[in-house]
Every structure is written in structure tokens, then in C-alpha cells.
Amino acid sequence: MKNNLDFTQCKILIIGDIMLDKYYFGKVERISPEAPVPVVNIKKEETRLGGASNVAHNIISLGGQVLLYGAIGHDFFGKEIERMARQKNIGTAFVKSSFPTITKARIIGGKQQIVRLDFEEKMSLLPVDEEEIKQKISESLNQFDILIISDYGKGLISDSLCQFLISEAHANHRPVIIDPKGKNWNKYTGADLITPNVKELSDIVGYAVDNEDEAIEAAALEIIGLYHLTSLLVTRSERGMSLVSPHESIHIPTHAEEVFDVSGAGDTVIATLSICLADGMEIQKAMQIANVAAGIVVKKIGTATLSCEELKESLKK
């Protein structure tokens, strides 16, 4: 097995909900006289790629190659996503929809998030747009190692599109890895690997799952059988993560020493896991590296990525 973490030949195809994340950093020194709320004196503003575009950014940051499919609006935020994607060498194939580009603005006072503002409407692709995406993915899928479906539940990943993507990937002998959202997992039937957290696993199995190895295994196996999946990778916050399949279960502890912000950690996990698998690693090794990667990004504020150098350095510890 290679240990040099050279991912330059790894090619990942991603489709999912595209978002723009805006951050306003400032100081809180007083309470507003107008209402009992903090006044944040903004000192810095940052704009970052979010949702599926953060998954793509993570792969690029690790040295891989990516093509990102998704939908953006005919608006300034959509143009900003296009500009940032070009700047970061992310290949894109965006559909322009009549819905606004999903944007989330976070106000940070010190290291504490004060409030989040969401600008979004649940979208649905026009049939002609969905057919265009299906055709383009059919034409390009065999050029990539793995298909990631990054579903944030915003409407892009419909039942019909998701099932088409899974069957098309398997026809091309490409694995499908899904970051899920919501309680409708029928659309994920037949996927190779799905990466829920414990709450998402509880939601889909229909009861509260204790964050213990045996309970995770039992619930995951139930879901694997129900939706004909190959395996589940359950992210378990401070308890690390568990890979469950009908053949074996692997549990590894968390690698995070301190946690500032878990937003985007799931994006890092699925990106790192996918690029490691595309590089030919065994699933257990890929899982361990993805766990270390998540431990790095949760130390950062906001939607974050990591470099190969950071990953190599952390793996030495």
C-alpha cells in the first residue's frame, strides 16, 4: 500500500447541493440598547465554498482532480461560486436554475457563532435540466474513479436522479459514496457506502440509537439490509467513527483533541475517504485517514479544508 499520499492521479466526480458560506468575524463588547442581543463589531469578512462545493474544495486541497455537478442561481452569489471554483481549479458543470443560490451567512463574535442567516428556497430541477445532467454524467463517468453524491436535502438529488446515478455508476463499475440527508433513503437503494452521523442513523432506523459500538452495529446492519447497501460509515462525534458491513465492523476512536466547529467535517470525511479509495487504499486505512482529516478541520472555525502537508504531519503523531 502506498503511504506517500500522492493523490494527483485520483479523479472524483461529485454531484450535490451547491452552497456559498459567508462569515462575518467580529468582537462583542456590548449589548444592544434596542433589544437584549449582542452587538458584533465586524472586523473581517470571508466567503467560502459550501455544501457539495466544499467537498470538491477538500479534494482539490488534497491534490486530487474533481468535476462538480450542481445547480446555482442567476445571481451574484452564483457568480461568486463560479469565480471561486475557477480560482481553486475545480472543474464545474453547473445548471443555472430559477431558484436563488443557496447562501448561509454566519456572524461570529470572538470564536462563538452568534447567528446564522440562511438564504434559500427548496429547489426542483426542470425535467430538461435533470435530463441534461443525466446525459453529461453518463458521458463523463467512466473518466472518474468514484462518484460522490452530496445530498443536503435542498431538492437537487431527487429520487429519480439518485437512482439513475447509482445504476449508471455501477454500469461503469464505479463505486457510489453518499453523504445523506432526510428520512427518504429509498433513493439511496443499492449504494456502496453511505456516511450518516448517529442522529441521521437514528432518524432513518426509526428509534434513538445509543452511541455505543453494539447499538451502532445493530442499527447499521438493519439499514444495510433494508436498502441493499454494501456498507455504512457512521460518524460518531467524540466517539470516532464506525464502518459496518454484513462481513465485519470496524470502530476507531476520534482523532480530534479540541473542537471549535464541526460544520463541514462531514464534507472532509467523505472527500478524504473517497480520494484514499480512489488511490487504491483498503477501506480500513482510508477510514483511519479520513478520521484524522476530520480531527484537523474541526479545530478550524467554519467550513474548512486541509492540505496534504497538514494530513501527513498529523499522521506522524
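## Sheet

In this predicted model, Leu67 stands opposite Gly91 in strand S5. Strand S4 covers residues 65-73 and is joined to S5 by seven bridges. S4 and S5 run parallel.

Both strands belong to an open sheet of nine strands. The order is S5-S4-S1-S8-S9-S10-S11-S12-S13, and the pairing is mixed. S5 (91-97) and S13 (249-252) stand at the edges. Each has a single partner strand, so one side of each is left without a neighbour in the sheet.

## Helix pair H8 and H9

Helix H8 spans residues 283-297, and helix H9 spans residues 308-316. Their axes come within 10 Å and cross at roughly 105°. Angles of 65 to 115 degrees count as roughly perpendicular, and H8 and H9 are therefore roughly perpendicular to each other.

H8 makes the contact through Ile289, Val292, Ala293 and Ile296. H9 contributes Glu310, Leu311, Ser314 and Leu315. By class, the contact has six nonpolar residues, one polar and one charged.

## Second largest pocket

The second largest pocket has a volume of about 350 Å³. It is lined by 17 residues. Closest to the pocket centre are Asp192, Thr230, Ser231, Leu277 and Ile283.

Which elements each supply at least two residues of the lining? Strand S9 (176-179) and helix H7 (265-278) do. By class, the lining holds ten nonpolar, four polar and three charged residues.

Conventions. Residues are numbered from 1 along each chain as its sequence is written. This is a predicted model: local features need pLDDT of at least 70, side-chain atom pairs count only at pLDDT 80 or more; totals for chains, interfaces and linings use all residues. Side-chain values use heavy atoms; hydrogens and water are left out. On a 1 Å grid over the protein atoms alone, a cavity is a set of points where a 1.4 Å probe fits but cannot get out, and a pocket is an open set with protein on both sides within 12 Å along at least five of seven lines; lining residues have an atom within 4 Å of a point. Grid points are joined across faces, edges and corners, and a volume is the space filled by probe spheres set on the points. Helices (H or I, at least four residues) and strands (E, at least two) are DSSP runs, numbered from the N terminus. Ala, Val, Leu, Ile, Met, Phe, Trp, Tyr, Cys and Pro count as nonpolar, Asp, Glu, Lys and Arg as charged, and the others, Gly among them, as polar. Axes are lines fitted to C-alpha atoms, for helices over the stretch in contact, and angles run from 0 to 180 degrees between N-to-C directions. Angles under 35 degrees count as roughly parallel, over 145 as roughly antiparallel, 65 to 115 as roughly perpendicular and the rest as oblique. Contact means heavy atoms within 4.5 Å. Two strands pair if DSSP finds at least two bridges between them.
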